[in-house]
4 protein chains.
Amino acid sequence: MGDELETREKLLESAMAEFSENGYMKASLRKICADAGVTTGALYFFFKNKNDLFKAIVDEPLKELCKLLTEHYMQDAQDMDSDDPAVLSAEYHIDTHTDLDKLVEYMYLHYDVFMLLLTGAQGSEYENTVDMIVDMTEQGFRISAEKAAAKMPNCHVDEYMLHWITHISVDAYTHLLTHERDVEKAKLHMRRVMEFLIKIWFTMIVED
Amino acid sequence: MGDELETREKLLESAMAEFSENGYMKASLRKICADAGVTTGALYFFFKNKNDLFKAIVDEPLKELCKLLTEHYMQDAQDMDSDDPAVLSAEYHIDTHTDLDKLVEYMYLHYDVFMLLLTGAQGSEYENTVDMIVDMTEQGFRISAEKAAAKMPNCHVDEYMLHWITHISVDAYTHLLTHERDVEKAKLHMRRVMEFLIKIWFTMIVED
Amino acid sequence: MGDELETREKLLESAMAEFSENGYMKASLRKICADAGVTTGALYFFFKNKNDLFKAIVDEPLKELCKLLTEHYMQDAQDMDSDDPAVLSAEYHIDTHTDLDKLVEYMYLHYDVFMLLLTGAQGSEYENTVDMIVDMTEQGFRISAEKAAAKMPNCHVDEYMLHWITHISVDAYTHLLTHERDVEKAKLHMRRVMEFLIKIWFTMIVED
Amino acid sequence: MGDELETREKLLESAMAEFSENGYMKASLRKICADAGVTTGALYFFFKNKNDLFKAIVDEPLKELCKLLTEHYMQDAQDMDSDDPAVLSAEYHIDTHTDLDKLVEYMYLHYDVFMLLLTGAQGSEYENTVDMIVDMTEQGFRISAEKAAAKMPNCHVDEYMLHWITHISVDAYTHLLTHERDVEKAKLHMRRVMEFLIKIWFTMIVED
DNA sequence: TATGAATGAGATTTCATTCAT
DNA sequence: CATGAATGAAATCTCATTCAT
């Protein structure tokens, strides 16, 4: 009993280790199997191929992350509908963005997985994960930004700045993961970074 | 005449294409040779190995870029020695940083090479080029920032913000290359991005 | 059934043939695989690399040979401790060295392997096998010779003659293998050769 | 003037070094050319191919050695025609074999060449040089031995012992070269070795 | 004389994947 | 569920040799 899961689990563990150490491309399935104490046949019983094995490690955490992000951006956009003129101030958003702590917490809960996704996915179907998240984020940002711009006379959203601010906003998380292993410290860093990102955020709305 | 250079040049061309399309690791020397219309032996007459071929493409532009960067950071640090209190204002630096146009111009002059270096060097000896540039930049930033901090009472440089601002400053160039192919537009984008980076820059100096 | 061993065995067979014909260095793994009717991948399932394949052929017989030699030299040295003055006579040793028949027999049992080891190992980790055996033998000879010298007034072992006699003693076996395929005849040859080697043996002990 | 010879000579020198270091097979013509400061084309102007280059180094000394050997063996055989019964004694030959000093001297005059021939010729047309010398020697030995046997009633030459004694006689020179770099010491060693070889020599003549 | 370029065949090794059992 | 065996294609690299100039 449990033996069925054990092999699969052992494979996932050694795959995690190998992928993290060498990245998707250079990772060797042979080594993963050897480390798990099974032969390649076993691996191919549980997983369709190399990519499928990678997916089994990263897909769920990634999906959950996307869910959290979507929720956050939707809330953000909704807030912008408020009549309160404060929604156009950085301070307002700095206060409301405390929910991003949850995001940091989740990422550090699956620290290894996200490190892998962000730094070792080249060659797999996840190699464009960051781009994908950036795209998602950009859509969220655009909606909010356009709502904000509508409240300001003769203003519109500058496309390049939207791109770039989105990019560094997402990138801030990658940077955090790769430079700070401690969750609590990470949250503190991120709060300060977020403060400045929000301040910059409004600069993407420019006069016509 | 010209035949002497032709094969080497053809190899460099098809190598450029293959490396750009597939990245260093997945690039196939066979394909490079086939595309150049020669045998693998010919390649090994001109280049020691795969890495050496890559180096032949990227090394010189990279060296020149580093030179430009070093010069810029040295000038920057020197400016900070001025008694003019304006050196502590963002505006001053926004004006003096127009020389970064030259950097953008140089990068776009070798657009393909820098795209390759920044996005496809994994597996080669250049896989840490971005980190290396970030390190260089961080040293430059730290010197200037400490000089600025010395002029402000009870202030010091925050390490994490230094890291992060350095990172996004360097990253801004990668982002530019990957999102804007036109040099002139690129220069305009970069000027605006730089404005905000400079504004943020002073926020890394915090009260004790 | 039996199929499991077949491929590995076929590979060892064709490897034996190819190594014997061309020596380790010139031997082609491609040819070995082709002769065995499998692809190179199959070879690398069973053997780590070219050297490992060679080892699989020669290691065990070599180890056994070393064991036999060690036993012989230890017995020899022990005999020298005897108070019987006959131990200083060639005749005594000619009688006691009949156990070397076993050595010849063992070598002819693995005739091909020892031919390969002695004449075709250049380039492999076994290229110094003969030197190694000579070293082992020299140690054995030295111990016995010094014991003998101790029994003779004002005598010591001459180093060069020790070297040389050791060398031709070991070499006698190589010579035997390369010049006589029949075991029984080989044993007869070796007995006569041994007679003379023993006679020479005492000449390495010279007056001070 | 002399430039023509210079390149050829430089090639021979670096070839000597490379062959000695790596043996014929592993030696790289590229490296030889590089070390000589020329390109492969130059090499192929002076030498037909790799083997021809090797030949240019070793052929003349080898031919001279063969001449010396032939002369020695012819003299030896002639001596045997003497009516002096002393020719059947070891002592007689120990005295007359002083001319072998010349042989040792010649070999040490071309020390590197003979070392190369004896230990690094595998793969070249000279890989059987030792065998060839053994064959020559065997012919010489056989003639002398048969003349000696004719003087002794009911005696004949034992083939295997003839083989073996020939072999170790030739081998003694290889052993000398590989174990003693000093000519004078080498001559002393060889005299002692020769003494015993001559003593053994007569044992190849056995009763019918 | 010698260069510089190029050939073409070969080497060993690694890999993800498949499949009968 | 898992093994052990095998595939087959591809990888990088090395080499002696050739040849136009």
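**Chain pairs, cores and helices in a predicted model**

In this predicted model, 17 residues of chain D are in contact with 17 residues of chain C. Two residues count as in contact if their C-beta atoms, placed from the backbone, lie within 7 Å. Two elements of chain D give two or more residues to this side, namely α9 (159-179) and α10 (183-201). Helices here are DSSP runs of H or I with at least four residues, strands are runs of E with at least two, and both are numbered from the N terminus. The largest share, nine residues, comes from α9(D). By class, the side of chain D that touches chain C has eight nonpolar, seven polar and two charged residues. Ala, Val, Leu, Ile, Met, Phe, Trp, Tyr, Cys and Pro count as nonpolar; Asp, Glu, Lys and Arg count as charged; the others, Gly among them, count as polar.

As the model is predicted, local features need pLDDT of at least 70 and side-chain atom pairs count only at pLDDT 80 or more, while totals for chains, interfaces and linings use all residues. Residues are numbered from 1 along each chain as its sequence is written, and chains are lettered from A and ligands numbered from 1 in the order in which they are written.

Chains C and D were then superposed. Two copies of a chain are related by a rotation about an axis and a shift along it. A rotation of 178 degrees, with 0.1 Å of shift along its axis, places chain D on chain C with an RMSD of 0.3 Å. The two copies are thus related as by a two-fold rotation axis. Within chain D, Ile168(D) comes closest to that axis, its C-alpha lying at 3.3 Å. The same surface serves both copies, as 100% of the contact residues of chain D recur in chain C.

Chains A and B also form a pair. Here 17 residues of chain B are in contact with 17 residues of chain A. On the side of chain B, α9 (159-179) and α10 are the elements that give two or more residues. Helix α9(B) supplies the largest share, nine residues. This side of chain B divides into eight nonpolar, seven polar and two charged residues. Chain B is superposed on chain A by a rotation of 178 degrees with 0.0 Å of shift along the axis, and the RMSD is 0.3 Å. Ile168(B) comes closest to the rotation axis among the residues of chain B, at 3.4 Å for its C-alpha.

Other chain pairs do not meet. Chain A and chain C do not touch, and their nearest C-alpha atoms are 11 Å apart. No contact joins chain B and chain D, whose closest C-alpha atoms also lie 11 Å apart.

The nonpolar cores come next. Such a core is a set of buried Ala, Val, Leu, Ile, Met, Phe, Trp, Tyr and Cys residues joined through C-beta atoms within 7 Å. A residue is buried if 20 or more other C-beta atoms lie within 10 Å of its own, exposed if 12 or fewer do, and partly exposed in between, with C-beta atoms placed from the backbone. The largest core has 94 residues, and Val58(A), Leu117(A), Val58(B) and Leu117(B) have the most contacts inside it. Helix α10 (residues 183-201) of chain B gives this core its largest share, nine residues. A second, separate core of 89 residues includes Phe54(D), Met107(D), Leu117(D) and Leu176(D). Beyond its neighbours within four places in sequence, Val58(B) is in contact with Val113(B), Leu116(B), Leu117(B) and Tyr126(B).

From the N terminus on, the order is α-α-α-α-α-α-α-α-β-α-α-β. Its C-alpha atoms fill a box of roughly 65 × 30 × 30 Å along the principal axes. Of its 208 residues, 29% count as buried.

An automatic or database assignment sets the domain bounds. Chain A is divided into domain 1 (1-47) and domain 2 (57-207). Their centres, taken over C-alpha atoms, are 34 Å apart. Eight residues from domain 1 and nine residues from domain 2 make the contact.

In helix α2 (residues 29-36) of chain A, Ile32(A), Cys33(A) and Ala36(A) are buried. Seen down the axis of α2(A), the buried residues fall within an arc of 95 degrees, so they line one face of the helix. The arc is that of the directions from the helix axis to the C-beta atoms. Just after α2(A), Gly37(A) takes a positive phi of about 75 degrees.

Technical notes
Copies are superposed by least squares on the C-alpha atoms of residues with pLDDT of at least 70 in both.
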